[in-house]
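Hi,

Here is the structure I promised to pass on to you. Have a look at it first, and then read on for what turned up.

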Amino acid sequence: MTLHQKNNRTMRIKPLPPHTLGVEARHVHDEIANLIGRSQGPVTMIDEQGALLGPFPPMLHYPQFGVPALSFIRTLDIHATLEKRVREVAILTIGAAFGARFELYAHEIMAITFGLPPNAIATLAAGGKPHGLNEQETVAHDIASALARGRIVPDATYQWAVHLFGREGVAELFFLIGGYTLVAMILNGFDMPAPDNIR
């Protein structure tokens, strides 16, 4: 039994092999495939039939919502100025807060690629606050944790983040956290599995 077949048995929506897509959806599929091939090479994002995995099947099934969401996520990457490790700390914090399996799967791998220590990644993925993060990584975790709990970021935390990142950098962090919260909601709503925990 292929991974694709196992996925289809339990997933609420099925990955869409490229040959099944119309012209517009195929164009979106190909753009995504090209992007992830460059930016997330170590992560399994495409199955044996060439269908995209993770948050992408919902985006292709419901393009009226998925394409604008994808455009927002792409914007976060295009205009990224934060250190990659800082971004991964924030994303892993959000993935853990919401238990988004694919988000954790993908960004545990990306965090390793960008040099976060394995013990820090393990703690973040379990929803904890690791020791040994630098100041920027620590405040990114604190902000993501506060927002994931539905809290207002305390003024002292905000001011410290502005000191470390500048106002533009803090704004980028807020939008990054919001974007990956959206991804987590899509993944959880459709119960999208990670390749290594197919049921």
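This is a predicted model: local features need pLDDT of at least 70, side-chain atom pairs count only at pLDDT 80 or more; totals for chains, interfaces and linings use all residues.

Ala126 sits in the loop that links helix 7 (118-125) to helix 8 (135-148). Ala126 has a relative accessibility of 68%, and since anything over 50% is called exposed, Ala126 counts as exposed. Ala51 is 75 residues away from Ala126 along the chain, with 29 Å between the two C-alpha atoms. Pro17 is 109 residues from Ala126 in sequence, and the C-alpha to C-alpha distance is 33 Å.

What about Pro17 itself: is it buried or exposed? With a relative accessible area of 7%, Pro17 is buried. You'll find Pro17 in a loop as well, the one between helix 1 (3-10) and helix 2 (23-39).

Now for the overall layout. The protein chain splits into domain 1, covering 18-78, and domain 2, covering 82-190. Their centres, taken over C-alpha atoms, are 23 Å apart. The two domains do touch: 16 residues of domain 1 are in contact with 17 residues of domain 2.

That brings me to the second largest pocket. Where does it lie? Both domain 1 and domain 2 give residues to its lining, so the pocket lies between them. Its volume is about 190 Å³. If you want to pick out the lining in your viewer, select Phe72, Thr75, Leu76, His79, Thr81, Glu168, Gly169, Ala171, Glu172 and Phe175. By type, that lining divides into four nonpolar, four polar and two charged residues. Helix 4 (63-78) and helix 9 (155-189) each supply at least two of the lining residues. Which helix gives the most? Helix 9 does, with five residues.

While you're on helix 9, have a look at Gln159, which is also part of that helix. Gln159 has a relative accessibility of 38%, so it counts as partly exposed. Eleven residues along the chain from Gln159 is Val170, and the C-alpha atoms of the two are separated by 9.6 Å.

Keep following the chain and you get to Asp191, in the segment after helix 9. At 18% relative accessibility, Asp191 falls under the 20% cut-off and so counts as buried. What does its side chain make a polar contact with? The partner is the side chain of Arg101, at 2.5 Å. The backbone of Asp191 is worth a look too: its phi is near 50°, a positive value in a residue other than glycine. For background, most residues other than glycine have a negative phi.

Cheers

Definitions and conventions. Residues are numbered from 1 along each chain as its sequence is written. Side-chain values use heavy atoms; hydrogens and water are left out. On a 1 Å grid over the protein atoms alone, a cavity is a set of points where a 1.4 Å probe fits but cannot get out, and a pocket is an open set with protein on both sides within 12 Å along at least five of seven lines; lining residues have an atom within 4 Å of a point. Grid points are joined across faces, edges and corners, and a volume is the space filled by probe spheres set on the points. Helices (H or I, at least four residues) and strands (E, at least two) are DSSP runs, numbered from the N terminus. Ala, Val, Leu, Ile, Met, Phe, Trp, Tyr, Cys and Pro count as nonpolar, Asp, Glu, Lys and Arg as charged, and the others, Gly among them, as polar. Domain bounds come from an automatic or database domain assignment. Buried means under 20% relative accessible area, exposed over 50%, partly exposed in between (1.4 Å probe, protein chains only). A polar contact is a pair of N or O atoms within 3.5 Å; within protein, one must be able to donate a hydrogen and the other to accept it, and residues adjacent in sequence count only if both atoms are side-chain atoms. Contact means heavy atoms within 4.5 Å.
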